[in-house]
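Q: Hi! I have a structure open and would like to talk through a few spots in it. Could you help me read it?

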Amino acid sequence: FPDPLTCDKIRFEFVEVTPEFSVSNYELCPLVTNLYFLKKVNKLKNATMNPTSGNYANSDYLSVAKIPSSAFSYESTEYKPDYPISSAFDDNINTSWVAKNPNTDDFHNTISVTFSNTVKLDAILYDTAYIPSSETFVGAPKKIIVHTQLGNEQLHQHTMFSGELTW
């Protein structure tokens, strides 16, 4: 984020995704392996969707900045059997959340997270699924709208992230 994001609830709207073919027959179903929220620790600013680099690729930094999953609750649009939303937060690279229904022009899958306390987020990291031999991303987001809420206000669009997936 260009500036730290302060909120107690956040929703990710998956506007555009790559085809998901591991369990979705090439439908536009988002797939998220791990989703991490990083609290503000320093004055780094990052406004674009980029591969993980700098402190965000440093395991020591991540161990200090990562908000534990015990500090929030989560829900999502429907998911495929054996691919529940809890898999996006279990720190296991071998498990994933996969949306049940494909994105359309009129329907975008979402993940909503409610934090136990107000947080100041510096970054959000997620792992994608991919096929190395063909350099193909599977269900990876190409455009995400982040909606936020603080206190009694309504969820509102805060930031739209978009970009080309890089190998």
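Q: Where does D82 lie?
A: D82 sits in the loop between β4 (72–76) and β5; strands here are DSSP runs of E with at least two residues, numbered from the N terminus. Before we go on, this is a predicted model, where local features need pLDDT of at least 70, side-chain atom pairs count only at pLDDT 80 or more, and totals for chains, interfaces and linings use all residues. Residues are numbered from 1 along each chain as its sequence is written, and side-chain values use heavy atoms, with hydrogens and water left out.

Q: Thanks! Is D82 buried or exposed?
A: D82 is exposed, at 72% relative accessibility. Buried means under 20% relative accessible area, exposed over 50%, and partly exposed in between, using a 1.4 Å probe and protein chains only.

Q: What does the side chain of N34 reach?
A: It reaches the backbone nitrogen of D91 at 3.3 Å. A polar atom of the N34 side chain also lies 3.4 Å from the backbone nitrogen of N92.

Q: OK, on to β3. Which strand do bridges join it to?
A: Strand β6 (residues 110–126): five bridges join the two, and they run antiparallel. Strands pair if DSSP finds at least two bridges between them. Within this pairing, L35 stands opposite Y126. As for cover, four of the five residues in β3 (residues 35–39) are buried.

Q: Nice. How many residues are in the largest nonpolar core?
A: There are 30, and those with the most contacts inside it include F37, F89 and F115. A nonpolar core is a set of buried Ala, Val, Leu, Ile, Met, Phe, Trp, Tyr and Cys residues joined through side-chain atoms within 4.5 Å. A second, separate core of seven residues includes Y36, Y56, A123 and L125.

Q: Last one, aromatics. How many pairs are there?
A: Eight aromatic pairs. Rings of Phe, Tyr and Trp (its six-membered ring) pair if their centres lie within 6.5 Å; planes under 30 degrees apart count as stacked, over 60 as edge-to-face and the rest as tilted. F21 and Y26 have ring centres 4.9 Å apart and planes at 25 degrees, so they are stacked. Ring pairs also link F72, Y74, F89 and F115 into a cluster.

Technical notes:
A polar contact is a pair of N or O atoms within 3.5 Å; within protein, one must be able to donate a hydrogen and the other to accept it, and residues adjacent in sequence count only if both atoms are side-chain atoms.
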